[in-house]
Amino acid sequence: MNYPWHLYLMGIIYVMGGIMHFIKPKAYMRIMPQYLPNHKLLVTLSGISEIILGIGVCLPLTKNYAVYGLILMLAVFLLVHFYMLSSKKASAGFPKWALLLRLPLQFVLMYWAYSYL
């Protein structure tokens, strides 16, 4: 089955994002909400999840499961985005306008994934 090129692009974006969790783990641990336990483990698991789901959307057998997984993952990541808005320290130096822009972007990314079902 041939998928559109933009589905593969989406998969690559998530795989690369997941790899970044291992290249720059401190950047991800810095933005983790304080109320979540074991930041290192959560950063590792989220990186692995992004890689697996990014690959999964490119495979016919797993595409639909991966799409649902991406939507769920993006919904969970909203916790981080809201946390980053909670204080200057939590913002990790990002301007407030950029952090606010990320919120609707999450829903755009969810819709992008959903459009492949």
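1. Packing of α3 on α4. In this predicted model, α3 (39-56) and α4 (residues 63-84) pack at an angle of about 145°, with axes 8 Å apart. Axes are lines fitted to C-alpha atoms, for helices over the stretch in contact, and angles run from 0 to 180 degrees between N-to-C directions. Helices are DSSP runs of H or I with at least four residues, numbered from the N terminus. The crossing of α3 past α4 is left-handed, that is, the near helix is turned anticlockwise from the far one by less than a right angle.

2. Residues between α3 and α4. From α3 come S46, S49, E50, L53 and G56; from α4 come K63, A66, G69, L70, M73 and F77. Contact here means heavy atoms within 4.5 Å. By class, the α3 and α4 contact has five nonpolar, four polar and two charged residues. Ala, Val, Leu, Ile, Met, Phe, Trp, Tyr, Cys and Pro count as nonpolar; Asp, Glu, Lys and Arg as charged; the others, Gly among them, as polar.

3. Basis of the model. The model is predicted: local features need pLDDT of at least 70, side-chain atom pairs count only at pLDDT 80 or more, and totals for chains, interfaces and linings use all residues. Residues are numbered from 1 along each chain as its sequence is written, and side-chain values use heavy atoms, with hydrogens and water left out.

4. α1 against α4. Helix α1 (residues 5-23) meets α4 at an angle of about 50°, and their axes are 13 Å apart. The two are therefore oblique to each other, a class left over once angles under 35 degrees (roughly parallel), over 145 (roughly antiparallel) and 65 to 115 (roughly perpendicular) are taken out. This crossing is left-handed. L7, M10 and Y14 of α1 touch K63, L70, M73 and L74 of α4. Six of the contact residues are nonpolar, none polar and one charged.

5. α1 against α5. α1 and α5 (96-114) pack at about 130°, with axes 11 Å apart. They are therefore oblique too. α1 passes α5 in a left-handed crossing. H6, M10, I13 and Y14 in α1 meet L109, W112 and A113 in α5. The set holds six nonpolar, one polar and no charged residues.

6. The largest pocket. Its volume is about 920 Å³. A pocket is an open set of points on a 1 Å grid over the protein atoms alone, where a 1.4 Å probe fits, with protein on both sides within 12 Å along at least five of seven lines; lining residues have an atom within 4 Å of a point. Volume is the space filled by probe spheres set on the points, which are joined across faces, edges and corners. The lining has 30 residues, with H21, Y28, E50, F77 and R102 nearest the centre.

7. Make-up of the lining. α1, α2 (25-30), α3, α4 and α5 each supply at least two residues. α4 gives the most, with seven. The classes are 21 nonpolar, six polar and three charged.

8. The loop at L85. L85 lies between α4 and α5. Its C-alpha atom is 9.6 Å from that of P95, 10 residues apart along the chain. Residues up to four places away in sequence aside, L85 touches K96, L99, L100 and L103.
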